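Reader: I would like to learn how to read helix packing, disulfides and salt bridges in a model. Can you take me through them one by one?

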Amino acid sequence: MIVLALFAAGCGEQNESDTAGSKATAGTMTKDEVIAAGDAACAEYRRRATPLVDQLRNSSDRGERAGLLRRLASAAEPSVQRLATVVPPPDGRQALDDYVLLGSDQIVVVRRAADQLDKGDEASAWALLGSALENVAKLRGLAEGYGFKVCGSELDGS
């Protein structure tokens, strides 16, 4: 199922806040600290998302699926916000920024797909989710390339 793949990238959504000011005032973390913080955020997201994904797998009701997609997107936001405040070493900044941007984009796409389901346009909803699959590969590549273990890995049972 396409939506499961969208969230299998681990987070798309990982670590700390959301303002440029907090990045400027926070201390730079070591790469190991960034990985630990990111993986903790992804693990928390997975804890929130797994029951929703299970419900989504078993739902055939369009309205219920739209609601579950929104809840999955909302479950991802805190992780993305947390990762946005992490201050990595300079050589890891671009990869982390790219990961946060792609994770944020995934949240928007999932919400748009939910809106399309609410309108009764399942074809558009699944087309939106399908178009986001390319970003899943990018998210995985960024996460794995940086050294994350939880972020970028498959959801259990998917």
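Author: Start with a contact, meaning heavy atoms within 4.5 Å. In H3, the residues Ala37, Ala40, Ala41, Tyr45, Arg48, Ala49, Leu52, Val53, Gln55 and Leu56 meet Arg65, Leu68, Leu69, Arg71, Leu72, Ala75, Ala76, Pro78, Ser79 and Arg82 of H4. Sorted by type, the residues of this H3 and H4 contact are 14 nonpolar, two polar and four charged. Nonpolar covers Ala, Val, Leu, Ile, Met, Phe, Trp, Tyr, Cys and Pro; charged covers Asp, Glu, Lys and Arg; the others, Gly among them, are polar. This is a predicted model: local features need pLDDT of at least 70, side-chain atom pairs count only at pLDDT 80 or more, and totals for chains, interfaces and linings use all residues. Residues are numbered from 1 along each chain as its sequence is written, and side-chain values use heavy atoms, with hydrogens and water left out.

Reader: At what angle do H3 and H4 pack?

Author: Axes are lines fitted to C-alpha atoms, for helices over the stretch in contact, and angles run from 0 to 180 degrees between N-to-C directions. H3 and H4 pack at about 175°, and their axes are 9 Å apart. Angles over 145 degrees count as roughly antiparallel. H3 and H4 are therefore roughly antiparallel to each other.

Reader: Is alanine 76 buried or exposed?

Author: Alanine 76 is in helix H4. Its relative accessible area is 1%, so alanine 76 is buried. Between the C-alpha atoms of alanine 76 and arginine 46 there are 8.8 Å, and the two residues are 30 residues apart along the chain.

Reader: How many disulfides are there?

Author: A disulfide is a pair of cysteine sulfur atoms within 2.5 Å. The count here is one disulfide. Cysteine 42 and cysteine 151 form it, with sulfur atoms 2.0 Å apart. This pair links distant parts of the chain, 109 residues apart: cysteine 42 is in helix H3, and cysteine 151 is in the segment after helix H7 (133–146). The link of cysteine 42 and cysteine 151 is right-handed, with 105° about the S-S bond. Cysteine 42 and cysteine 151 are both buried.

Reader: How many salt bridges does the structure hold?

Author: Look for a side-chain nitrogen of Lys or Arg within 4 Å of a carboxyl oxygen of Asp or Glu. The structure holds eight salt bridges. One of them joins arginine 48 and glutamate 44 (3.3 Å, N to O). Both residues lie in helix H3, four residues apart, about one turn of the helix. Arginine 48 is partly exposed at 23% relative accessibility, and glutamate 44 is partly exposed at 28%. A network of salt bridges links Glu44, Arg47 and Arg48.

Conventions
Helix = DSSP H or I, 4+ residues; strand = E, 2+ residues; numbered from the N terminus. Buried < 20%, exposed > 50% of the residue type's maximum accessible area, 1.4 Å probe, protein only. Parallel < 35°, antiparallel > 145°, perpendicular 65-115°, else oblique.
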